[in-house]
Amino acid sequence: MIMLRNGLEKTERFNIVSKDEGVPLVAFSLKDSSSHTEFEISDMLHRYGWIVPAYTMPPNAQHITVLLVVIREDFSRTLAERLVIDIEKVMRVLDELPSRVIHKILLGEENSEADGDNLMVTVKKSDMESRERSSIYGRSLFQTGRRLMVSGN
């Protein structure tokens, strides 16, 4: 757990939001989610064989999204190092992709208005994205008490 926390902190891209004591987990969020989201990171990690779900926080903190790694007994230092390496790979790939705002505009869900030389774009959440965010909280580990497993390839 300590190796994972330290590795995430070294990237300087994440805030660790979980405490060191209690349930064996590491919850973390992006320091800057203006280009990409925790949901995108979760999806990309799944491609590397990791199950690291992203959750939105309960009401009054819905603007905060975290990635959650539940540490199993067999989660070794080597696995922690590999997860950090894969997270760094994911972040490099995401940095090369267009931001999520551009992606949504390409989906045709934008309203734009000219303001002098600037173009303001307002992007609406799709119904699917809104439902996804609502259901994620409903399945929250903290509410159901289920343990999610983190696994490598």
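Residues are numbered from 1 along each chain as its sequence is written, and side-chain values use heavy atoms, with hydrogens and water left out. Because the model is predicted, local features need pLDDT of at least 70, side-chain atom pairs count only at pLDDT 80 or more, and totals for chains, interfaces and linings use all residues.

The protein has 6 helices and 6 strands. Both are DSSP runs, numbered from the N terminus: helices are H or I of at least four residues, and strands are E of at least two. Along the sequence the elements follow the order α-β-β-α-β-β-α-α-β-β-α-α. Of the 153 residues, 35% are buried. Here buried means under 20% relative accessible area, exposed means over 50%, and partly exposed lies in between (1.4 Å probe, protein chains only). A contact requires heavy atoms within 4.5 Å. Among contacts with a separation of 6 or more, 57% join residues 24 or more positions apart.

The largest nonpolar core has 25 residues. Such a core is a set of buried Ala, Val, Leu, Ile, Met, Phe, Trp, Tyr and Cys residues joined through side-chain atoms within 4.5 Å. Leu4, Phe28, Ile41 and Leu83 touch the most other members. Two or more residues come from each of α1 (2-11), β1 (14-16), β2 (25-30), α2, β4 (65-70) and α3. Helix α3 gives the largest share, 7 residues. Leu4 touches Val26, Val69, Ile71, Ala80, Leu83 and Val84, with residues up to four places away in sequence not counted. A second, separate core holds 8 residues, including Ala27, Met57, Val66 and Val70. In soluble globular proteins, nonpolar side chains tend to be buried together.

Helix α2 spans residues 38-47. Its buried residues are Glu38, Phe39, Ile41, Ser42, Met44 and Leu45. Thr37 caps the N-terminal end of α2, with a side-chain oxygen 3.3 Å from the backbone nitrogen of Phe39. Just after the helix, Gly49 adopts a positive phi of about 95°. Asp43 also belongs to α2. Asp43 counts as partly exposed because its relative accessibility is 41%. The side chain of Asp43 makes a polar contact with the side chain of Arg47 at 3.0 Å. A polar contact is a pair of N or O atoms within 3.5 Å; within protein, one must be able to donate a hydrogen and the other to accept it, and residues adjacent in sequence count only if both atoms are side-chain atoms. The C-alpha atoms of Asp43 and Pro53, 10 residues apart along the chain, are separated by 8.3 Å.

Helices α2 and α3 pack at an angle of about 120°, and their axes are 10 Å apart. Axes are lines fitted to C-alpha atoms, for helices over the stretch in contact, and angles run from 0 to 180 degrees between N-to-C directions. On the α2 side, the contact is made by Glu40, Ile41, Met44 and Leu45. Helix α3 contributes Leu83, Asp86, Ile87, Val90, Met91, Val93 and Leu94. These residues divide into 9 nonpolar, no polar and 2 charged. In this count, Ala, Val, Leu, Ile, Met, Phe, Trp, Tyr, Cys and Pro are nonpolar, Asp, Glu, Lys and Arg are charged, and the others, Gly among them, are polar.

Lys89 lies in α3 (residues 77-96). Lys89 is partly exposed, at 31% relative accessibility. The C-alpha atoms of Lys89 and Tyr48 are 9.7 Å apart, across 41 residues of chain.

Arg5 sits in α1. Arg5 is buried, with a relative accessible area of 12%. Its side chain reaches the backbone oxygen of Ser18 at 3.2 Å. Leaving aside neighbours within four places in sequence, Arg5 is in contact with Ile16, Ser18, Lys19, Asp20 and Val26.

Positive phi values also occur at non-glycine residues. Glu12 has a phi of about 60° and is found in the loop between α1 and β1. Glu12 is exposed, with a relative accessible area of 62%. Asn60 has a phi of about 80° and is placed in the loop between β3 (54-56) and β4. Asn60 counts as exposed, at 79% relative accessibility.
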